[in-house]
Amino acid sequence: MPQRLFEETVLPHLDAAFNYARWLTKNRAEAEDVVQDACMRAMRYFSSLRAEDGRAWLFAIVRNTWYSRVSHRLAVADTADGEDEKNDGPDDALDPEERLMQQHTVAVVRAALEQLPTDFREVIVLREIEGLSYKEIAEVTGVPIGTVMSRLARGRGRLRAVLGVGAPMEDSR
């Protein structure tokens, strides 16, 4: 029964956990390792899950796993392997020109996101890409909801500045 409950509660969120880890690590292989370690931890500590939905709980484990790995190294490789993620594929309904424009836009936004400090990048990814609520983001990151809201606002401002969409860049953190 516990194994089936784990599979029903946690496994549906593995793709999203990988996507989140990919944004944190900026490296596909590292993201795979982080998610694998996080799954092992999730399985080991499954009894500590207090909510029905394991998504935010799994994301918190992914985040903590990544920070644990980073803290044990002097430097983290800051290179991306350039592989496209599965949700970045072209829309088959588009003609070739539109598809090329879509791919360019995705690449520009990805590059802009990767320029943001981790604190801002992670809340934007959790909110805008993964669709977590402010409360869930606060649980994942371990900060108050007000801090989540502040980081989102500041991160969005910086993202607009990097993309050249008008808003001036705020003071660096």
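Student: Which residues make the nonpolar surface patch of about 270 Å²?
Tutor: V108, V109, L163 and V165 make that patch. Keep in mind that this is a predicted model.

Student: Where does V109 sit?
Tutor: V109 has its place in helix α5, which spans residues 96–115.

Student: Let me zoom out. How many helices and strands are there in the protein?
Tutor: Eight helices, and zero strands. Read from the N terminus, the order of elements is α-α-α-α-α-α-α-α.

Student: And how much of the protein counts as buried?
Tutor: The protein has 173 residues, and 38% of them count as buried.

Student: What share of the contacts comes from residues 24 or more positions apart?
Tutor: Such residues account for 63%, counting the contacts with a separation of 6 or more.

Student: What is T65 in contact with, neighbours within four places aside?
Tutor: T65 is in contact with V34, D37, A38 and R41. Helix α3 covers 28–44.

Student: New topic: salt bridges. How many does a search of the whole structure find?
Tutor: Six. In general, side chains of opposite charge can pair when their charged atoms come close.

Student: Start with E130. Which residue does E130 form a salt bridge with?
Tutor: E130 pairs with R55, and the closest N and O atoms are 2.9 Å apart. R55 is in helix α4, while E130 lies in the loop between α6 and α7, so the pair ties together parts 75 residues apart in sequence.

Student: Are E130 and R55 buried or exposed?
Tutor: Both E130 and R55 are buried.

Student: OK, next one. What does D119 form a salt bridge with?
Tutor: With R151, and the closest N and O atoms are 3.9 Å apart. This pair also links distant parts of the chain: D119 is in helix α6 and R151 in helix α8, 32 residues apart.

Student: And D119, is that buried or partly exposed?
Tutor: D119 counts as partly exposed, at 21% relative accessibility. The cut-off for buried is under 20%.

Student: What about E128, which residue does that form a salt bridge with?
Tutor: R156. The closest N and O atoms of E128 and R156 are 2.3 Å apart. E128 lies in helix α6 and R156 in helix α8, so the pair ties together parts that are 28 residues apart in sequence.

Student: How accessible are those two: buried or partly exposed?
Tutor: E128 is partly exposed, with a relative accessible area of 46%. R156 counts as partly exposed too, at 27% relative accessibility.

Student: Switching to helix α7. Which residues in α7 are buried?
Tutor: I137, A138, V140 and T141 are buried there; the helix runs over residues 134–141. They cover an arc of only 165° around the axis, so they are on the same side of α7.

Student: What comes just after α7?
Tutor: G142, which takes a positive phi of about 75°.

Student: What is phi for K26?
Tutor: Phi of K26 is near 65°, a positive value in a residue other than glycine.

Student: Where does K26 lie?
Tutor: In the loop between α2 and α3. K26 is buried, at a relative accessible area of 11%.

Student: What does the side chain of K26 reach?
Tutor: The backbone oxygen of E114, at 2.9 Å.

Technical notes. Residues numbered from 1 in each chain as written. Predicted model: local features only at pLDDT ≥ 70, side-chain atom pairs only at ≥ 80, totals over all residues. Heavy atoms only, no water. Contact = heavy atoms within 4.5 Å. Buried < 20%, exposed > 50% of the residue type's maximum accessible area, 1.4 Å probe, protein only. Helix = DSSP H or I, 4+ residues; strand = E, 2+ residues; numbered from the N terminus. Arc of directions from axis to C-beta. Patch = residues over 30% accessible without salt bridge, like charges linked within 9 Å, V, L, I, M, F, W, Y side chains within 5 Å. Areas by Shrake-Rupley, 256 points an atom, 1.4 Å probe, with all protein chains shown as cover. Salt bridge = Lys/Arg side-chain N within 4 Å of Asp/Glu carboxyl O. Polar contact = N/O pair within 3.5 Å; in protein donor to acceptor, adjacent residues only side chain to side chain.
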